[in-house]
Structures are given as structure tokens and as C-alpha cells.
Amino acid sequence: MSSSMVHLDNQHDDSDELYGDLDEAYTPPISKNKNNSNSSINTNVSKLQDEVRLLRNQVSSLQQENEVLKRNMGTLFRTARAEIRRKDLRIEELERMDYSAYMLQKKRSSEQEIRR
């Protein structure tokens with residue numbers, strides 16, 4: 001019996017030698033390609049973040065310009081409407097003056113005919 005126990009103990013010792021280093025934590029080696037890939041990804045992320053920042057600034061600038069243009073269009077529209085109204089009044093005034101002048105001339109010509 002003791003010979004079989006010795007045999008089992010020897011097998012246990014052999015397995016320790018085979019798997020003894022497995023107790024240490026395994027970390028896979030980092031390849032240069034993986035580092036380059038991560039670096040490339042980080043560079044692309046940085047570029048995209050810069051582009052997003054630039055586009056947000058452009059959007060903000062365009063929104064401000066849009067507001068200014070809307071105010072200017074409103075002012076221009078109100079000015080044009082007031083100018084049209086002013087000219088319409090002037091045309092009416094001139095038409096009344098022309099009609100008055102016409103009536104005055106007609107009256108004078110009829111008075112001249114009566115004197116003849």
C-alpha cells in the first residue's frame with residue numbers, strides 16, 4: 001500500500017511542475033499594431049471632437065446672423081410699407097391738385113366764352 005501512495009505523491013509533484021506557473025496572472029503581450037491602432041483611434045477621436053467644436057461654433061454664428069437678418073427684413077418691410085403709403089398720399093394730393101387745376105382752367109375758359 002505504501003508503494004501506491006508513493007506513486008500518487010510522485011504524480012502530484014509532476015502536475016505541480018507542469019501547471020505551477022498558472023497561478024500567476026496572465027496578461028497578454030501588447031503588440032505594436034494594437035498600440036498604433038489605439039493611437040490612431042485616439043487621434044481620430046481628437047480630430048472629430050475638434051470638428052464638432054468648429055461646427056458648433058459655425059451653427060452658433062449662423063443662428064446669430066439669422067436673427068440679425070430677420071430683424072433687418074422686418075425693418076425693411078415696415079419701411080417699404082410706410083414709403084408706399086407716403087407715396088400713395090402724395091399721388092392722391094397731386095391728383096386733387098390736377099383736378100383742381102383742371103376745374104379752375106375750365107371755369108376760366110367758360111368765363112372767357114361768356115365775355116365774348
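How many salt bridges does the count come to? The count comes to three salt bridges. The model is predicted.

**Overall picture**

The protein has two helices and zero strands. Helix α2 spans residues 32-115. The chain holds 116 residues, and buried residues make up 0% of them. The accessible surface of the protein is about 11,600 Å². Carbon and sulfur atoms account for 55% of that surface.

**Salt bridges**

Side chains of opposite charge can pair when their charged atoms come close. The table lists the pairs.

| Pair | N to O distance | Relative accessibility |
|---|---|---|
| D50 and R53 | 2.7 Å | D50 42%, R53 48% |
| E83 and R86 | 2.5 Å | E83 33%, R86 47% |
| E93 and R90 | 3.3 Å | E93 33%, R90 39% |

Take D50 and R53. Both residues lie in helix α2. They are three residues apart, about one turn of the helix. D50 counts as partly exposed because its relative accessibility is 42%, between the 20% and 50% limits. R53 is partly exposed too, with a relative accessible area of 48%.

E83 and R86 come next along the numbering. Their side chains meet at 2.5 Å, N to O. The two residues are three apart in helix α2, so about one helical turn separates them. E83 is partly exposed at 33% relative accessibility. R86 is partly exposed at 47%.

The last pair is E93 with R90. Here the N to O distance is 3.3 Å. This still counts as a salt bridge, because the cut-off is 4 Å. E93 and R90 are also in helix α2, three residues apart, and so about one helical turn separates them. E93 is partly exposed at 33%, and R90 is partly exposed at 39%.

**A side chain to backbone contact**

Which backbone oxygen lies 2.8 Å from a polar atom of the T79 side chain? It is the backbone oxygen of T75. T79 sits in helix α2. With a relative accessibility of 48%, T79 counts as partly exposed.

**Surface patches**

The charged patch is negative, and D88, E92, E95 and D98 form it. One of its members, D98, has its place in helix α2. Is D98 buried or exposed? D98 is exposed, because its relative accessible area of 55% is over the 50% limit.

The nonpolar patch covers about 340 Å². Y99, Y102 and M103 make this patch. Among them, Y102 lies in helix α2. Y102 counts as partly exposed, because its relative accessibility is 46%.

**In brief**

The fold is two helices with zero strands, and 0% of the residues are buried. Three salt bridges are counted. A negative patch includes D98, and a nonpolar patch includes Y102.

Definitions and conventions
Residues are numbered from 1 along each chain as its sequence is written. This is a predicted model: local features need pLDDT of at least 70, side-chain atom pairs count only at pLDDT 80 or more; totals for chains, interfaces and linings use all residues. Side-chain values use heavy atoms; hydrogens and water are left out. Patches are made of residues with over 30% relative accessible area and no salt bridge: like charges are joined within 9 Å, nonpolar side chains (Val, Leu, Ile, Met, Phe, Trp, Tyr) within 5 Å. Accessible areas come from the Shrake-Rupley method with a 1.4 Å probe; for residues, only the protein chains shown count as cover. Helices (H or I, at least four residues) and strands (E, at least two) are DSSP runs, numbered from the N terminus. Buried means under 20% relative accessible area, exposed over 50%, partly exposed in between (1.4 Å probe, protein chains only). Lys and Arg count as positive and Asp and Glu as negative; His and the chain ends are not counted. The place of a charge is taken as NZ of Lys, CZ of Arg, CG of Asp or CD of Glu. A polar contact is a pair of N or O atoms within 3.5 Å; within protein, one must be able to donate a hydrogen and the other to accept it, and residues adjacent in sequence count only if both atoms are side-chain atoms.
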